[in-house]
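This briefing accompanies the sequence and the model displayed below. It is arranged by topic for reading alongside the structure.

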Amino acid sequence: MGTDGIINGITRQDWLQPAEERLQKLLHATFASGGRGGQKIKNVLHGTWLGHPVHVILTDVPIGAWTAALVFDFLESTSGRKEFAAAADASITIGLIGAAGAAITGLTDWQDVDPPARRVGLVHGLLNLMGTSLFLASRVMRKRTSRSSGRRLAILGYTVATAAAYLGGNLVYEQQIGVDHTSGQKLPEDFETVLPESDLPEGKLKRAEYNGVPILLVRRGKRIFALAETCSHLGGPLAEGKLSGNSVQCPWHGSRFALEDGRVLDGPAVHPQPCLESRVRDGKIEVRKITDTVIAKPSSSIEDSEPPKKQSKKGGKKTGTTG
């Protein structure tokens, strides 16, 4: 069976659907029960503070540690030196600690994944749980002086963990889980017209386009904010989301971004939204891609503060830079 056949075989296992749905609902309810504190914990586990999924980083720990453990096992069995046995045991322990962190962050990310990736992710997690259990059993057997059995369990655990890692690679590279879904969008480098000013009401999310690329526009007082309209998490349409103060929330999974500079306020997104600078000329809204040097400093309170006003410049009324 080819690699595509393996993935297709997993996605056809419809008997897993009730378990997927119940587990996702349980995870959502658990974080929601913590209110704003629960959301902050969720943000930390997603990696919104890092701008990169934490889970991807932590998965390297068990794989690396357990690879080292197998090498030390081989050296111990061929040389009989006790220091290699101690090194193998320590490597397995480090891997188990890393696996626990990867499991917690992985579950946090998985709760905001849709089919068919949701099912592949569930099997990926179950295989990782199995591999971790085998390494835990290996560690216990070694402590009980049955090192040969421990080595066999470690080899089996490593095989299962490798299969899980393959599914993890499919989730990232084929199903685009954890990547920036705004990457590659061609935003205008120079000011380009995207919408008549009269078509943008106050305090409403409005979708415009530039060469087929969707752009989100929001008028707040004297300013017009502009962001890439495609949510960086999984490509949700931000124009169909919720406007809350000076932030926009994705309708699909609840990611929240600051209009001021596109930064992530709440996950599951970890990548910021690309920002555009806006101005009005001859009754038309023009936007261009914004650089870090011209992004205005964010307000002290995204949700409660009013955006600062800007003076119009000669040569055209400018409604402000956005994010």
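**Individual buried sites**

Threonine 182 is buried, because its relative accessible area is 6%, under the 20% limit that the term requires. The model described here is a predicted one.

- Threonine 182 is placed in the loop that runs between helix H8 and strand S1 (192–196).
- The side chain of threonine 182 is joined to that of aspartate 180 by a polar contact of 2.7 Å.
- Serine 247 belongs to strand S6, which covers residues 247–249.
- Serine 247 counts as buried because its relative accessibility is 0%.
- From serine 247, the side chain reaches the backbone oxygen of serine 244 at 2.7 Å.

- Proline 214 is found in strand S3, and it counts as buried at 9% relative accessibility.
- Proline 214 and leucine 227 are 13 residues apart along the chain, and their C-alpha atoms are separated by 9.1 Å.
- Tyrosine 210 lies in strand S2, which spans residues 206–210.
- At 19% relative accessibility, tyrosine 210 also counts as buried, since the limit for that class is under 20%.
- Tyrosine 210 and valine 194 are 16 residues apart along the chain, with their C-alpha atoms separated by 6.2 Å.

**Paired strands**

*S3 with S4*

- Strand S3 (residues 213–220) pairs with S4 in the antiparallel sense, over six bridges.
- One of the bridge pairs joins valine 218 to phenylalanine 225 in S4.
- The hairpin of S3 and S4 has two residues between the strands, and glycine 221 there takes a positive phi near 65 degrees.
- Six of the six residues of S4 are buried, so this strand is largely enclosed by the rest of the structure.

*S4 with S9*

- S4 (residues 223–228) also pairs with S9 in the antiparallel sense, here over two bridges.
- Alanine 226 has leucine 276 of S9 as its bridge partner.
- Leucine 227 has cysteine 275 of S9 as its bridge partner.

*S9 with S10*

- Strand S9 (residues 275–281) is mostly covered, with six of its seven residues buried.
- S9 and strand S10 (residues 284–289) pair in the antiparallel sense over six bridges.
- Arginine 279 is the bridge partner of glutamate 286, which is in S10.
- Two residues separate the strands in the hairpin of S9 and S10, where aspartate 282 takes a positive phi near 55 degrees.

- Cysteine 231 counts as buried because its relative accessibility is 1%.
- Cysteine 250 is buried as well, with a relative accessible area of 5%.

**The largest pocket**

- The largest pocket holds about 1,300 Å³ of space.
- The lining of this pocket comprises 46 residues, of which His55, Thr59, Gly106, His124 and Asn128 are the closest to its centre.
- Helix H4 (54–58), helix H5 (60–79), helix H6 (82–110), helix H7 (117–143) and helix H8 (147–173) each supply at least two residues of the lining.
- H7 gives the most to the lining of the largest pocket, with nine residues.
- By class, the lining consists of 28 nonpolar, 16 polar and two charged residues.

Methods: Residues are numbered from 1 along each chain as its sequence is written. This is a predicted model: local features need pLDDT of at least 70, side-chain atom pairs count only at pLDDT 80 or more; totals for chains, interfaces and linings use all residues. Side-chain values use heavy atoms; hydrogens and water are left out. Helices (H or I, at least four residues) and strands (E, at least two) are DSSP runs, numbered from the N terminus. Buried means under 20% relative accessible area, exposed over 50%, partly exposed in between (1.4 Å probe, protein chains only). A polar contact is a pair of N or O atoms within 3.5 Å; within protein, one must be able to donate a hydrogen and the other to accept it, and residues adjacent in sequence count only if both atoms are side-chain atoms. Two strands pair if DSSP finds at least two bridges between them. On a 1 Å grid over the protein atoms alone, a cavity is a set of points where a 1.4 Å probe fits but cannot get out, and a pocket is an open set with protein on both sides within 12 Å along at least five of seven lines; lining residues have an atom within 4 Å of a point. Grid points are joined across faces, edges and corners, and a volume is the space filled by probe spheres set on the points. Ala, Val, Leu, Ile, Met, Phe, Trp, Tyr, Cys and Pro count as nonpolar, Asp, Glu, Lys and Arg as charged, and the others, Gly among them, as polar.
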